[in-house]
Structure formats: C-alpha cells, structure tokens
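Hi,

Here is the structure I promised to pass on.

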Amino acid sequence: MKTDVLIAGSGCSGLYCALQLPKDWEVTVLSKKSVEECNSYLAQGGICMLKAEEDYDSYFEDTMKAGHYENDEGAVERMIKESPEIIRDLESYGTRFQKNEDGSFCFTREGAHSSKRILFHEDITGKEITSHLYEEAKKHANIHICEYATLKDIVVEDGACVGGVVEKDGKTEVIRADYVVLATGGIGGTYEHSTNYKHLTGDAITIAKKHGIELKNLDYVQIHPTTLYSEDKEERSFLISESVRGEGAKLYDKDGKRFVDELLPRDLLTKEILKQMEKDGTSHVWEDLTVIPKDELENHFPNIVEHCRRQGYDPEKQWIPVVPAQHYFMGGVKVDYDSHTSMDRLYAVGETACNGVHGKNRLASNSLLESLVFARRAARHMTKSGK
C-alpha cells in the first residue's frame with residue numbers, strides 16, 4: 001500500500017495535521033482503537049488562547065514558571081502567538097466555545113494562570129474539539145481513517161523514514177509513505193493509576209528507541225492532583241478538572257480544614273496533597289464543589305457532576321474524595337519547531353512529541369493548543385518540502 005502521508009494516531013494533533021495537508025495528497029490516519037478512544041476526547045478543562053496582546057507577557061511567564069523555566073522559549077512564543085488562528089480554525093469546523101451574551105468569548109481560569117484566558121465547552125472541551133475535527137476529516141476524500149490499526153514499526157531506507165509497519169486484524173502490512181507522523185499519544189497505559197486510556201503505551205517511544213531517533217525528557221511525567229478516588233480499580237482514573245478549582249472549589253484534609261492554595265501549579269499541588277495524605281494517614285483528601293454556585297456547577301461541569309453522582313457522591317451537597325494520578329507526558333520524541341524529528345521525513349506531534357513548550361511541568365490547558373499549533377506547523381513543513 002502507498003500513501004503520501006501516514007499519520008499514526010487519530011487524536012486532535014493527528015486529525016488536525018491531516019486537515020492542514022494539501023487536499024490532493026493521500027493521507028492515511030491510523031487509530032489504535034476507535035477514533036473516540038483517545039486522550040484528546042477526555043480533555044475537560046479547555047484550551048488557552050492569547051486573548052489580547054497585553055496578556056502576552058503574563059501568559060508567557062505563566063507557562064515558563066509552571067515549566068520551572070526549562071521550557072524552550074521559542075516554542076512557547078510560537079504557541080502563544082499562533083493561538084488565535086487555531087481558535088478561528090476550530091470555530092470554522094463547528095467547534096463551540098462558551099460565549100457571553102454579547103457574543104464575546106467567555107474565559108475561565110485554572111491553576112498557575114494569573115488571569116482568565118481559557119476557552120471551554122462545558123467540561124468536555126477535548127471532545128468538542130476532536131469530534132468536530134473528526135467530522136471534518138470524514139468529509140475529505142483524501143483522508144482515510146483506519147481504526148483498530150497499530151503502528152508496530154517504521155520503514156527506514158538510507159537514513160530516511162519511508163513508511164510504516166502496520167498491524168490490523170492480526171495481519172501485518174507495510175504502508176509506504178513520503179512522510180510519517182508519530183501521533184500515538186502518551187504513556188499513561190503503562191501506569192497502574194492514570195487518567196489515560198490503557199492502550200496508550202508510548203508506542204512511538206519504543207519505535208524511536210529502536211531506530212536511534214532522538215528523545216527528550218523521558219522522566220518528565222505530570223501527575224494530576226485531583227482524580228476521583230475509588231476503591232474499585234477502574235480502567236482509568238476519572239479526572240476532576242482543574243477548572244473546578246479555578247471556579248472556587250476548595251481542598252480539605254481529614255478534619256475539613258484547608259491545607260493548600262488550590263491554584264498552585266499541578267506538580268506543587270500534587271506534592272502538598274500527597275504530604276497531607278501521609279500526615280493524615282488517608283488514601284485521599286476532600287474536594288468541596290458545594291462552594292460553586294449551583295447554576296455554574298451544573299452548566300460548566302455537567303459531566304463531572306453526573307459521574308460523581310453515579311459513584312455515590314452529590315457534589316452539590318457533599319465533598320468528594322480526590323487523589324493524584326498520572327496524567328500527562330511532557331517528554332517524548334525530540335522535535336524542532338516544525339515538529340520534525342532527528343530522522344528525515346519523520347515527524348512527531350501531540351503528547352508523543354517534545355518540542356520544549358511545557359518544560360518540566362505543563363501549564364493547565366496548554367496541551368490541546370500545543371498539539372494543534374505544532375501539528376499545523378508539521379503539515380506546513382511537509383507541504384513546503386513537497387512530495
């Protein structure tokens with residue numbers, strides 16, 4: 001089989017990259033499970049956007065500070081400055097963001113942000129964005145989406161990537177391609193407790209190691225401070241969005257006393273929660289959503305409220321138990337500003353890639369934006385390079 005571009009991964013970065021490529025190029029998108037079973041669909045909080053030029057310095061500093069100043073400044077600059085174009089693109093595909101009565105964007109705030117700059121759709125922003133990308137992709141005759149297909153390896157000739165080895169229905173075949181894009185997601189499936197799907201096991205990292213492709217910051221793993229505690233082992237931990245704390249939710253110890261600033265960066269908040277759990281001898285702390293006005297809670301976080309109720313907790317009336325869990329991978333396949341890897345004709349985007357934007361710790365709601373900005377940059381670089 002031959003295709004112009006082979007994209008391994010059908011999350012927001014893989015789909016958006018496909019949509020940004022020339023319409024006369026044949027693009028094959030692989031999905032390890034169904035398209036809907038990817039981390040992009042799980043993103044609750046939102047997507048950051050540069051809302052005004054006067055917010056640039058603050059947004060830049062917030063990103064750098066959260067990343068412990070290990071971020072690549074050039075990558076951060078590109079992400080922030082290109083964000084308005086990305087949002088316009090998403091709206092053109094039908095993505096709906098919360099608006100004020102006058103039609104302007106309604107922004108929310110999350111931990112480590114100095115101001116409100118996050119766009120959202122209820123508490124399912126990732127699903128809202130990715131589902132519309134998926135629907136748009138299905139309209140394009142040049143984009144072929146192949147579900148339940150796994151990239152097992154890449155094909156290398158004369159130091160360049162010229163295709164992939166794909167497994168589907170128990171059979172293996174080679175797909176030749178002018179370019180290959182690694183967009184296989186993170187590594188959460190390798191952890192006992194994670195907010196990720198279990199089948200996201202760092203496939204691209206394994207392939208990159210085999211072929212000597214440069215990797216970066218493999219030990220930079222983010223733990224989300226608040227997932228719903230359950231004594232039953234679920235397939236993945238249910239995330240209680242950072243936006244909940246951004247809207248005023250409080251964290252309490254076993255005695256019902258606040259013990260931390262709820263809007264600390266994720267890594268610092270996680271440390272404080274674990275410290276408090278050890279001090280109290282408990283397996284979780286409590287999160288109080290009752291302080292959020294009822295209308296705001298039901299309209300902004302309907303899915304969180306519904307899930308908590310299914311688990312036996314009514315967040316409008318009682319505190320819910322929360323515990324940290326693995327959430328995001330800041331390291332990955334090392335790429336440049338155009339998402340190109342150290343191997344010719346091979347790109348990496350999304351959580352698979354490490355372009356340095358996030359540094360040592362990702363700022364809340366930068367993941368969807370970073371994935372889209374650098375997926376588009378990959379598509380433009382391939383287009384410019386030509387077949």
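Which residues of helix α5 (residues 203–211) are buried? This is a predicted model, by the way, and in it the buried ones are D203, A204, I205, I207 and A208. They pack against a set of strands: β6 (149–157), β8 (171–182), β9 (215–216), β13 (320–329) and β14 (332–334).

The axes of α1 (residues 12–20) and α10 (residues 367–385) come within 8 Å and cross at roughly 35°, and the crossing is right-handed. On the α1 side, the contact is made by C12, S13, Y16, C17 and Q20. On the α10 side, L368, S371, L372, A375, R376, A378, A379, M382 and T383 take part. Sorted by type, the residues of this contact come to nine nonpolar, four polar and one charged.

Now for the whole chain. There are 10 helices and 16 strands in the protein. Its radius of gyration is 20 Å, close to the 21 Å that the globule rule gives for 387 residues, so the protein is as compact as a globular protein of that length. Along the principal axes, the C-alpha atoms fill a box of roughly 65 × 45 × 35 Å.

Of the 387 residues, 59% are buried. The accessible surface is about 15,800 Å², with 45% of that belonging to carbon and sulfur atoms. As for contacts between residues at least 6 apart in sequence, 70% join residues at least 24 apart.

Cheers

Note on methods. Residues are numbered from 1 along each chain as its sequence is written. This is a predicted model: local features need pLDDT of at least 70, side-chain atom pairs count only at pLDDT 80 or more; totals for chains, interfaces and linings use all residues. Side-chain values use heavy atoms; hydrogens and water are left out. Axes are lines fitted to C-alpha atoms, for helices over the stretch in contact, and angles run from 0 to 180 degrees between N-to-C directions. Helices (H or I, at least four residues) and strands (E, at least two) are DSSP runs, numbered from the N terminus. A crossing is left-handed if the near helix is turned anticlockwise from the far one by less than a right angle, and right-handed if clockwise. Contact means heavy atoms within 4.5 Å. Ala, Val, Leu, Ile, Met, Phe, Trp, Tyr, Cys and Pro count as nonpolar, Asp, Glu, Lys and Arg as charged, and the others, Gly among them, as polar. Buried means under 20% relative accessible area, exposed over 50%, partly exposed in between (1.4 Å probe, protein chains only). The radius of gyration is taken over C-alpha atoms; the globule rule is 2.2 Å times the number of residues to the power 0.38. Accessible areas come from the Shrake-Rupley method with a 1.4 Å probe; for residues, only the protein chains shown count as cover.
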